[in-house]
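Here are a few friendly notes to read alongside the model. Please keep the sequence and the 3D view open as you go.

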Amino acid sequence: MELNSFLLMRHEILLFSIILLLLIAELFLPRNKKSSMIHLALVFFGIHTAVGFLPLAEGSLFGGMFRSNEMIHFFKGVLNIGVFTLLLQSAQWLEKNMLKQDRGTEFFLLLFASLLGMYFMISAGDFLMFYIGLELSTLPVAALAAFEIMKRESGEAAVKFILSAALASGVSLFGISMLYATNGSIYFEDIMSTLTATNLTLLGFILFFAGLAFKISLVPFHFWTADVYQGAPISIASYLSVISKGAAAFILMILLFTVLKPLMHVWEPLLYILALATMFTGNLFALRQQNMKRFLAYSSIAQAGFILLGLVTGTQLGTATVVYFVTIYIFSNLAAFGVVQAISSQTGKENMKDYEGLYRTNPKLSLVMMLALFSLAGIPPVAGFFGKFFLFTAAASKGYYLLVFLAVVNVTISLYYYLLVIRAMFLRKGENPIPFFKSKIYMKLGLFIAVMGMLALGLYSPLYDYIYELSAAFN
Amino acid sequence: MEVLLAFMIGTLYASGIYMILRRSLVKLIIGIILIGNGANLLIFLLGRIAKGSPPIIPGDSKVFIEAYSDPLPQALILTAIVISFGLQSFAIILVKRAHKVVKTDDLDEMNATDEFS
Amino acid sequence: MLTAILSGFFFSLFLVFAGKFFKGKLAVLSALVPLGLFVYFASFIKRVSEGEIITQQYEWVPSFGVNLNFTLDGLSLLFSLLITGIGFLVFAYTAEYLKGHKYLDRFYGYLGMFMGAMLGLVLSDNLISLFVFWELTSISSFFLIGFNNTSQASRRSAILALAVTGSGGFLFLAGSLLLGGVAGTYSITEMVNLSPEIIGSPFYLWIVILLFGAAFTKSAQFPFHFWLPGAMKAPTPVSTYLHSATMVKAGIYLLLRFTPVLGGEEIWNTTLIIIGGITMFYSAVHTLFRTDLKGVLAYSTISVLGILVFLIGLGTEYALTAAAVYIVVHALYKATLFLVTGIIDHETGTRDVTVLSGLRKVMMPVAIAGFLAAISSAGMPPTIGFVGKDLVYESTLHMGDWSTVLTILAISTNVLVLYAGFVAGIKPFTGRLPERHSKVHMPGFLMWLPPMILALLGLIIGIYPAFIDGPIVKGVVKAVGMAGEEVHLKLWHGFNFILLLSAITLTLGILLYFLLKPSKKREKAIAKFDFIAPKELILKFGSGVWHFSNLWTRVFQNGFLRNYVSTIILFLVVLVGYSLFNGEQEFYIDFSSFSRMTYYEMILMGIMFLSVLFVVGARSRLTAVVAMGVVGYAICLMFVIYSAPDLAMTQFSIDTLTVILFVLVLSSLPKYLSISDYKMRIIDGVLSIGFGLLITLISLEVLSEPVNKDVSNFYADNAYILAKGKNVVNVILVDFRGSDTLIEISVLTVAALGVFSLLKLRLKRDDRELKD
């Protein structure tokens, strides 16, 4: 094996080195200089993100266990930007709360380890690699959810998360073993050629699917979402809803469109029903929500339902629209969580009521929030509209008119609750509105990237065409 | 024999689920461990069982001469056992810490959830 | 044309940065933007009236057929002229009306955005870009209505208006997707040629329903009309511009635009006639019960919108010409009346028509403008209103069997519209000037000139209808697919039946005006019926959804992890059970392939089974943990029996570690709990036994299937040859699948890190406690 064929794992190797470097830095940095850890991690990860965009060859390693192509490479790049933005947005919170307890470094280590798990999941060429990646991406998040363990909710959130996660991964492993037992291989390539829809493969598929459904929080595997988002630190809620869900959706798409393609007649109706259930449940839950984190949790459940809309098609158009939508979703949600984070780390307020009159005191923040919510709601001309519109077109092109119509009904319901926040910010005066404050430079940069992402994706259409070209790899 | 083994796996799963549905956190973890054991046995069983023929190549030959039991599920299970240990030990510590903060072992008291306005 | 549309957006963007210079005296300069656009569009009148259609194309997302295609035909031209022309007057008027307002620059910003969006809406040929602009008008309207956001009523109306028109917009999106799917294009021009195929498709009905939903919500048709009176909470320039002259006509525009594509079918015509008819009469009656000038005007606007829908429903060339003329008529006189109302409100501080009178003594020019607008709304000669009304009667009389009913409906509506026009345009100026208004003075010329211009225009084109006939109205009629040869606008048709009808209308209307003065009593009386008004019904539906969402959340998202788990398990059991027994194959178990049982295996199983029971039933934590350990060791033995020595070793060490960890860590926990009640346990027991049973069945079925061992054989065959190892399991782990093992180690490391991070906190705290 050539040494430079390992370059195919560039993302993974770089990230792994960063983790090691941070560990070493932790050992040698004097105690009173721990805050430079944040800058260090940001610089490292910034470089990693930038390097990630250099072109990368296609191919596979270790006899097909690890594979990469341009689409995978592109999506890892998107995840990198997402995580980088997230780190920028979390810097203030870390500095304020976590450094005192000397817990800054673990935050980065655990987060990067989880991202590493995502990479492996995305690049997995067989089920074992996939399963280990799944565990690697989940476990650190549980530790992170418990990061503010001194808060009651944080501990509770971690307990709920780890137990649900354990159950989901157990079920998923069960499914994998069924698929193995019926096909005699764990390699995607082999399975793709031998897979037929017997009772047992169906079972295997359903159980395996549950594991990913948990990560994307599809109904009925969504229960943990709101409780965990609310209890966990905002950065982690943001990570779960943006990076973790985005990556899981991407992986689900890869698996459905390649390995599990022979079962399409099975997963098509399943996803159809789940899409509807997820959209309606998420929206109904979100409708009467007061806590911003819970609110975003439910809204992100509803968004997951929309993602399924593109998956259900199983076409190249579907692939492209899903990736495009997920990318937009990542930026929009990052912007929304960024504002929540900015306000919370400054004032500790997290309720919708506290946002009343925000436009008068902090017009810029409220404008960012408005853009983000419009994008999530799918109101033109922000990127989110195109995301939804393309998804609808993809579904309609397969003749799923009823599904599209019900999805539009859901967009309308969601419009209402996103408006509630906008009303609170722009039209209400508020009894004691959040006073004006200046965010730190990192936070500003983090919000700026998110907003730029939203605008670029919405107004610059060649990006979509690029994604469409890449998506040929999975069809 | 397989029938009995399958029955045993079912028992492990059933008891695991039952324990998970209890209110005590400790029972919950025990439940997860039981399910993990069940899953491992299941993979083992599905790879077909054979007595007295470990997948070790005899000392003087380069390949297997006689029948041998399937090595791949064994490798799978080994991975699964180790990983689930990681998960379990973390869960145990977490429960311990959570207990300190929340001051209860009762899951039903961990229900900070939607507030209705 | 793109520049024209964008100039509105650029203008508002410009104000974001340079806004502070435009708050004072310079504000009036912003009126130059719409004026310039008006001149630009007016320069096309000649070309368009000669039948030319000007198009421009910009690619946006070509792969989805979403392009910025703009066409300027007669219909677009009419609307563009209205938008920019009235826009110009409103911009100028605002400079005086909101003089010195703290956020005047923002107001202009929203207005500019709205103007750009509205122009985009009427110029787009692509359905999707049309939708984008459609939603933008709703959003800018939201901000403009909420501009006076100190009052709660204003906020409520803003959100209600956006909810209604925004949802309608999404119906439009759904309709567009369907239409695009059926026609294979999003271009409206191309759809006109495909009209027969679209009408013939099975989705025709759905397309029509969705587009109607969009048009009816935007143009405030019954039963969605209720947002418009609420939207009148906005500052008067906004009411003038958006909620009477332009935005609310977007729905009308849509219907006219699609007449050549979807029109001519019975469902299209009948629905429009019925909805338009109900709307025009229902809201015209409502004007009798209002005392707020803007309330009166709002309901009479809805009524006119109803008339327009009704006319489009009639669908004859007469009716469509009438619609085109009526759009002009209404824009001219209603904008005047709104602007006049704004002046009255601004100078006297009230809009209550019962206390206003005699104002002509202090503001004569305003009174003249109001009077001219009022007689135009009444349809008196020689105003353009007269021409419009004649055309309406002309078209209802041509409707065959239904002509009598429709004509009577039109007459009674017109009588009531006349009443509303008189109340708003004449009543405040006649009679005696009350004492407290004697100090009222004339507004600046920026405020009284715009309504004057509009009112005079109504008079001039009434006298010379040819001004708009050839250049504009014909263009509209041609754009909606008619020949445009049949009808010619004339003020005087000679003495005929229609003139008689006009005379009846006028007499009845004026009688009504003198007999029925606006009164508070009536307003209160009608308020009693609010609970069956569509607004209340829709709000009730909304709160129903709200309660349902509460209930739904309470039941499912209850914070109890156990319930979450049992829901998931139940879902899996159902799904798995279904696929097991309802699949394409039959369920079968092949017992013959199974191996024989030996007694020590049976003993082992017995031990395991017993210890599982112990685990479940244990009353103390220690018993449970130890029993769990025993289960683990039994499995370990089983691995030994079935030729898996590596597994046995791993299982043994991990099992031991777990038990030790359990005992050490959990020793300080409180009493081992057994809290669930009896019923709960039974339910859980049934659920879990069901699940276990399923698992057993599944594994038995799997064992009956033939198995493929290629990969395993590959490993076994090559373990020594390629990797120089004899223990195949080890070779697989460290060589063939070494990278997996590496990641597996990372997982363990991460777990350790997590544990460390949890424990560290306690160390820290203990340190601190010691120091204290």
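1. Strand β2 of chain C (residues 66-72) is largely enclosed by the rest of the structure, because six of its seven residues are buried. Buried here means 20 or more other C-beta atoms within 10 Å of the residue's own, with C-beta atoms placed from the backbone. Strands (E, at least two residues) and helices (H or I, at least four) are DSSP runs, numbered from the N terminus.

2. This is a predicted model, where local features need pLDDT of at least 70 and side-chain atom pairs count only at 80 or more, while totals for chains, interfaces and linings use all residues. Residues are numbered from 1 along each chain as its sequence is written, and chains are lettered from A in the order in which they are written.

3. Which strand joins β2(C)? It is β1(C), residues 54-61, which runs antiparallel to β2(C) through seven bridges; DSSP must find at least two bridges for strands to pair. One bridge links C:Gln57 to C:Asn69. Four residues lie between the strands of this hairpin, and C:Gly65 in the turn has a positive phi of about 70°.

4. Now look at chains A and B: 27 residues of chain A are in contact with 29 of chain B, contact meaning C-beta atoms, placed from the backbone, within 7 Å. The largest share of chain A's side, 14 residues, comes from α6(A).

5. In chain B, an unreviewed UniProt entry places "transmembrane region" at residues 6-21, 28-50 and 75-95; such annotations may be inferred rather than shown by experiment. Residues 75-95 of chain B are 100% helix, with end C-alpha atoms 30 Å apart.

Notes:
Contact = placed C-beta atoms within 7 Å. Buried ≥ 20, exposed ≤ 12 C-beta atoms within 10 Å, placed from the backbone.
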